[in-house]
Amino acid sequence: MSDEQPKDPWARFRSATRARIGLGRAGDGMPTTALLEFQLAHARARDAVHSAADFDRLAEDLAPLQTLRVHSAAPDRLTYLRRPDLGRQLDAVSIERLAAHPAAGGDWDLLFVIADGLSAAAVQVNAAPLVHACVERLFGWRIGPVVLAEQARVALGDGVAAALGARLLVLLVGERPGLSAAESLGAYLTWDAKPGRADSERNCISNIHADGLPIGAAADKLCWLANEAARLKLTGVSLKEDAPSLPGPGNDSKKQTPDLIENA
């Protein structure tokens, strides 16, 4: 009898995906290793949802860019998870802070808002590198202070952009974690953002993380969309991503500067 172990027919498929495939079985259950890996992934996803983002550290990572802090109408994490509507609204203190800030009415070409969303880990790891990568590519654009929004959902950025006077809003938010990625960041672009905007009026880039869409590729995609949004003065279902080829890993994409907004 040969002692040679049979080859795993699923090995080559696992190398191409993070999905849990070909787990095998132990009696009527999963093998111990597969079960423990599942429990670890589930724990990481729960931690991503319930953990708080360290906005002080994030402000340091964003330096030398100026930052501004705001908070949603959800006073704590539990309320935020139970009341999505409150996460879409600014609290009274933040409304006053924005109105009194020197950047208000600054006629900005673009405004970044970073919201913790449903994954503090995604924001902590990916948000600052993505902002820096985009700023390098958007040479000549008038970019407002980076707004850090706590207990915030996507629509909260509309009120921030309207208060500060930004033509284009780019909101970065921690996406709901799955069992294969707990650090996935999403980017939402909205032209002429203001309260009441529908989701159909936004463009979304999702799955931004080390094992998904890398920072460099995400920045290339985001800046291409930003340039087209400025040219067409719209975002959403009417803005199609039809770029023939975005810069790849072998190209120096930092040197490819989008056209400037008309009155930049």
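Helices H7 and H9 are oblique to each other, in a class that takes in whatever is left once angles under 35 degrees are called roughly parallel, over 145 roughly antiparallel and 65 to 115 roughly perpendicular. The structure is a predicted model, in which local features need pLDDT of at least 70 and side-chain atom pairs count only at pLDDT 80 or more, while totals for chains, interfaces and linings use all residues. Residues are numbered from 1 along each chain as its sequence is written, and side-chain values use heavy atoms, with hydrogens and water left out.

Helix H7 covers residues 120-137 and helix H9 covers residues 215-232; the two pack at an angle of about 50°, with their axes 9 Å apart. Here an axis is a line fitted to C-alpha atoms, for helices over the stretch in contact, and angles between N-to-C directions run from 0 to 180 degrees. Helices (H or I, at least four residues) and strands (E, at least two) are DSSP runs, numbered from the N terminus. The crossing of H7 past H9 is right-handed, a label given when the near helix is turned clockwise from the far one by less than a right angle, with anticlockwise giving left-handed.

What else ties H7 and H9 together? A salt bridge between the side chains of Asp220 and Arg137 does, with 2.8 Å from N to O. Asp220 lies in helix H9 and Arg137 in helix H7, so the pair connects parts that are 83 residues apart in sequence. Asp220 is buried, at a relative accessible area of 8%, and Arg137 is buried too, at 5%. For these labels, buried means under 20% relative accessible area, exposed over 50%, and partly exposed in between, with a 1.4 Å probe and protein chains only.

Side chains of opposite charge can pair when their charged atoms come close. A salt bridge is counted when a side-chain nitrogen of Lys or Arg is within 4 Å of a carboxyl oxygen of Asp or Glu, and by this rule there are 13 salt bridges. One of them joins Asp116 and Arg77, whose closest N and O atoms are 3.8 Å apart. This pair links distant parts of the chain, 39 residues apart: Asp116 is in the loop between strand E2 (108-115) and H7, and Arg77 is in helix H4 (residues 77-82). Asp116 and Arg77 are both buried.

Another salt bridge joins Arg57 and Asp61, with 3.4 Å between the closest N and O atoms. How far apart are Arg57 and Asp61 in helix H3? They are four residues apart in this helix (residues 55-62), and are therefore separated by about one helical turn. An α-helix has 3.6 residues a turn, so residues three or four places apart point the same way. Arg57 is partly exposed, at 46% relative accessibility, and Asp61 is partly exposed at 29%.

Helix H8 (residues 156-164) is largely enclosed by the rest of the structure, because seven of its nine residues are buried. Among the buried residues of H8 are Leu156, Val160 and Leu164. Just after H8 comes Gly165, with a positive phi of about 80°.

Most residues other than glycine have a negative phi, and most peptide bonds are trans. Where does a non-glycine residue take a positive phi? Asp107, which is not a glycine, has a positive phi of about 55°; Asp107 sits in the loop between helix H6 (92-100) and E2 and is partly exposed, at 42% relative accessibility. Lys233 also has a positive phi, near 60°. The segment after H9 holds Lys233, which is partly exposed at 41% relative accessibility. As for peptide bonds, the one from Ala63 to Pro64 is cis, with omega near 10°, and Pro64 belongs to the loop between H3 and E1.

On the surface, Leu23, Met30, Leu35 and Phe38 make up a nonpolar patch with about 300 Å² of accessible area together. Accessible areas come from the Shrake-Rupley method with a 1.4 Å probe, and for residues only the protein chains shown count as cover. Patches are built from residues with over 30% relative accessible area and no salt bridge, joining like charges within 9 Å and nonpolar side chains (Val, Leu, Ile, Met, Phe, Trp, Tyr) within 5 Å.
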